[in-house]
Amino acid sequence: MALPIWESLAVFAAGVGAGTINTIVGSGTLITFPVLLATGLPPVTATVSNALGLIPGSVSGAIGYREELKGQRPLVLRLGVAAAIGGLAGAVLLLALPATAFETIVPVLVGLALVLVVLQPRISAVVQRRRRRTGTVTKTDGGPVLFGGLLLASVYGGYFTAAQGIIYLSLMGMLLDDTLQRLNAVKNVLAAIVNSIAALFFLFVADFDWTAVLLIAVGSAIGGQLGAKVGRRLPPLALRIFIVVVGTVAIVQLLLER
C-alpha cells in the first residue's frame, strides 16, 4: 500500500533504529513492529514485512563485525545449521499458530536471558576453575547443548525475532569461552541466517507490503553499519549493561502489549 510521507519517514527511521539496535544486541523488532501496526498493517503482514526488511540490516551488521569473525568459520557453519532449521520452523509456526501463541513465554525467555547475561562472567569463571581442577577439555563449539539451545531460539526468531539476539548472546556466553564482542559477531550472522530463511519462505506463502519492506531494508542497512561502529567500541561491561537495558525495555513493552 502507498504510505503518506510522514508514515514513510517513520517506518524508515524505525528501520535505522532497528538495524542499529539489532547489530549491537537485538530487539530491533520492538521498534519496527509497532510502527508498522500504526500504519494499518495487519499483525501477520507486519511481521512478515518486518522480517523481509531486516535482512539487509542483519547482513550489514555482520559485515561491520567482520574483524571479530576471523577464525570463527567452523563455529558459524555449525551453528548456522541450527539457525537455518529453527528459522524455517518458526516461519511455518507463524502462519500456523494464533498470533498470541508466544505472548506468555516470550517475556519469561527474555528475562531468563538477561539474568544469564548478567551472571555470565561469574558463571564462566566457576566453570573454567572446575575444568582446570578436573582436567576437562573445553569444547570450542558449545557441544549439543548450545546447538539445541540455538535451534530453539531460532524457532522463536523465525516466529517473531524480538530479543532473539539477547537469547543468542546469553547461550553463547554461557557455553563458549570467548569475548562478548566476538560472540556478538556470531550472533549477527545467525540472525541474518534466520531472517533470510524465514523471508524466503514468506515470499512464497505470505502477504507482505513492499513499501514497508523497502523502507525498513534501506533503513536497517544504514543502521547495521552504525550499530557495528558503536558496538565494536563498547567495552565488555558497557556492552553488557546496554544489553540489560535494552532487554528490560523489551520485557516491559512485551508485557504492556499483552
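Start with four helices: select helix 1 (5–24), helix 4 (55–64), helix 8 (164–175) and helix 9, each of which supplies at least two residues to the lining of the largest cavity. The model you are viewing is predicted.

**Stop 1: the cavity**

The largest cavity has a volume of about 150 Å³. Its lining counts 17 residues; select Asn-22, Ser-58, Gln-164, Ala-191 and Asn-195, the closest to its centre. Which helix gives the most to this lining? Helix 9 does, with 4 residues. Now colour the lining by residue class. The search of the whole structure finds 3 cavities of 30 Å³ or more.

**Stop 2: the whole chain**

Zoom out and show the cartoon. The protein chain has 11 helices and 0 strands. Colour by burial next: 50% of the 258 residues count as buried. Then look at the contacts with a separation of 6 or more: 84% of them join residues 24 or more positions apart.

**Stop 3: the nonpolar core**

Hide the surface and go inside. The largest nonpolar core holds 57 residues. Select Leu-79, Tyr-168, Met-172, Val-186, Leu-190, Phe-202 and Ile-243, which touch the most other members. Which element contributes the largest share of this core? Helix 9 (residues 180–205) does, with 10 residues. In soluble globular proteins, nonpolar side chains tend to be buried together.

Centre on Val-186. Setting aside residues up to four places away in sequence, Val-186 touches Leu-69, Gln-72, Leu-75, Val-76, Leu-79 and Met-172. Two of these, Leu-79 and Met-172, are also on the list of core residues that touch the most other members.

**Stop 4: Val-189**

Move along helix 9 to Val-189. Is Val-189 buried or exposed? Val-189 counts as buried because its relative accessible area is 15%, and the cut-off is under 20%. Show its contacts, leaving aside neighbours within four places in sequence: Val-189 meets Ala-62, Leu-69 and Val-76. Leu-69 and Val-76 are in contact with Val-186 as well.

Conventions: Residues are numbered from 1 along each chain as its sequence is written. This is a predicted model: local features need pLDDT of at least 70, side-chain atom pairs count only at pLDDT 80 or more; totals for chains, interfaces and linings use all residues. Side-chain values use heavy atoms; hydrogens and water are left out. Buried means under 20% relative accessible area, exposed over 50%, partly exposed in between (1.4 Å probe, protein chains only). Contact means heavy atoms within 4.5 Å. A nonpolar core is a set of buried Ala, Val, Leu, Ile, Met, Phe, Trp, Tyr and Cys residues joined through side-chain atoms within 4.5 Å. On a 1 Å grid over the protein atoms alone, a cavity is a set of points where a 1.4 Å probe fits but cannot get out, and a pocket is an open set with protein on both sides within 12 Å along at least five of seven lines; lining residues have an atom within 4 Å of a point. Grid points are joined across faces, edges and corners, and a volume is the space filled by probe spheres set on the points.
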